[in-house]
Amino acid sequence: MREHTLRTGTRLTELGFGAAQLGNLYRETTDQEARDAVDAAWAAGVRYFDTAPHYGLGLSERRLGAALAGRPRDEYVVSTKVGRALVPTPERAHLTDDGGFAVPAAYRREWDFSRDGVLRSLEGSLDRLGLDRVDVVYLHDPDDHWEQASTGGVQALVELRDQGVVSAVGAGMNQSAMLARFVRETDVDVVMCAGRFTLVDHTAVADLLPAAVGRGVSVVAAAVYNSGLLANPRPRPGARFDYAEAPGDLVARVHRIADVAERYGVTVPDLAARFALRHSAVASVVLGMRTAEHVTTSAERIARDVPAGLWDELDRLGLVPHLSSPTGRSTS
């Protein structure tokens, strides 16, 4: 599988394993399903794995660490996130987490982007992962915490990078404007942009991507199916976009994209998986994977050869914009 190198030398495979579902996102996943998914990803050539304490109140990190145990440490990259401290709440363990994960509410999440909070969070992540280092650390959704995250939070991560505890640092968010600000105003190496650089949402083209190219910062694209709208060959009834029911005009637009794609023997999910990689700033696309079957499908989509004529036709119809490639990467 092709790889792209961050400015720190860290190499990310074009397909990254999104481990939120290993934390029982929306519904339970078994330990065996989690292990089988990681095994399948490894067999497919995936060497970049992304997780966070938020995912299942630490369950995702524990399962990912167990599944990677015994593999050569220098052959894979792990990213995790900081900013949501896990505070024990044993008195609520009989309840179910209210953060979207099917796990006991034995912890609560507490926002903390301070230096001490970042260090404590990473220490907990290393313990759950069973690792002595992680490769990439992102500030996780600091939307309402710019001042603390951009000062003490970034400074703590840069300190860890300078000490060799982590290899690259950045932020991960569901918006592009603040990510662009992190790129312009702080010393980050990579940012994870969820949902804002996709087949139907091109927000990052106006702010984040130019900033990233200008500063030599890489972008990891996540949530490229936009909550499910782009996950099927045609939008299903009640299809969701950004966690809510997709508006009718957007659904119609996806159907028009599907009309064109089908003439080339390509599906909407194929295009959604490949779209972000057309831009030279994008180092990897992280897709959520729950089972070995999900992994196989994801790997096939990332490897799919999309005819240049298809992208050209979508551009002519005003459905998907043409993307320049400042450093010469192929846009196929």
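The model is predicted. A search of the whole structure finds seven aromatic pairs, and a search of the whole structure also finds 28 salt bridges.

**Aromatic pairs**

- One of the seven aromatic pairs is formed by Phe 17 and Phe 49, whose rings are 5.7 Å apart centre to centre with 40° between the planes, a tilted arrangement.
- This pair links distant parts of the chain, since Phe 17 belongs to strand S3 (residues 15-18) and Phe 49 to strand S4 (residues 48-50), 32 residues apart.
- Phe 17 has a relative accessible area of 0% and is therefore buried; Phe 49 is likewise buried, with a relative accessible area of 0%.
- The ring centres of Phe 197 and Phe 275 lie 5.0 Å apart and the planes meet at 55°, so this pair is tilted.
- Phe 197 is located in the loop between strand S10 (190-194) and helix H6 (208-215), while Phe 275 is in helix H8 (residues 268-275), so the pair ties together parts that are 78 residues apart in sequence.
- Both Phe 197 and Phe 275 are buried.
- Trp 311 joins Phe 197 and Phe 275 in a cluster linked by ring pairs.

**Arginines over tryptophan rings**

- Arg 278 lies over the face of Trp 311, at 4.2 Å from the ring centre.
- Elsewhere, Arg 47 is placed over the face of Trp 42, at 3.7 Å from the ring centre.

**Salt bridges**

- Among the 28 salt bridges is the one in which the side chains of Asp 74 and Arg 133 meet, at 2.9 Å from N to O.
- Asp 74 is in the loop between helix H2 (59-68) and strand S5 (77-82), and Arg 133 is in the loop between helix H3 (115-129) and strand S8 (136-140), so the pair ties together parts that are 59 residues apart in sequence.
- Asp 74 is exposed, with a relative accessible area of 71%, whereas Arg 133 is partly exposed, at 23% relative accessibility.
- The side chains of Asp 112 and Arg 120 form a salt bridge of 3.2 Å, N to O; Asp 112 counts as buried because its relative accessibility is 12%, which is under 20%.
- Arg 115 and Glu 159 meet through their side chains in a salt bridge of 2.7 Å, N to O.
- Arg 115 lies in helix H3 and Glu 159 in helix H4 (residues 146-162), so this contact ties together parts that are 44 residues apart in sequence.
- Arg 115 is partly exposed, with a relative accessible area of 36%, and Glu 159 is partly exposed too, at 28%.
- A network of salt bridges links Arg 7, Arg 161, Asp 162, Asp 187 and Asp 189.

**Helix H10**

- In helix H10 (residues 308-316), the buried residues are Leu 310, Trp 311, Glu 313 and Leu 314.
- These residues cover an arc of only 160° around the axis, so they are on the same side of H10.
- Helix H7 (248-263) and H8 are included in what covers the buried residues of H10.
- Just after H10, Gly 318 takes a positive phi of about 75°.

Conventions. Residues are numbered from 1 along each chain as its sequence is written. This is a predicted model: local features need pLDDT of at least 70, side-chain atom pairs count only at pLDDT 80 or more; totals for chains, interfaces and linings use all residues. Side-chain values use heavy atoms; hydrogens and water are left out. Rings of Phe, Tyr and Trp (its six-membered ring) pair if their centres lie within 6.5 Å; planes under 30 degrees apart count as stacked, over 60 as edge-to-face and the rest as tilted. Helices (H or I, at least four residues) and strands (E, at least two) are DSSP runs, numbered from the N terminus. Buried means under 20% relative accessible area, exposed over 50%, partly exposed in between (1.4 Å probe, protein chains only). A charge sits over a ring if NZ of Lys or CZ of Arg is within 6 Å of the ring centre and within 35 degrees of the ring normal. A salt bridge is a side-chain nitrogen of Lys or Arg within 4 Å of a carboxyl oxygen of Asp or Glu. The arc is that of the directions from the helix axis to the C-beta atoms. Contact means heavy atoms within 4.5 Å.
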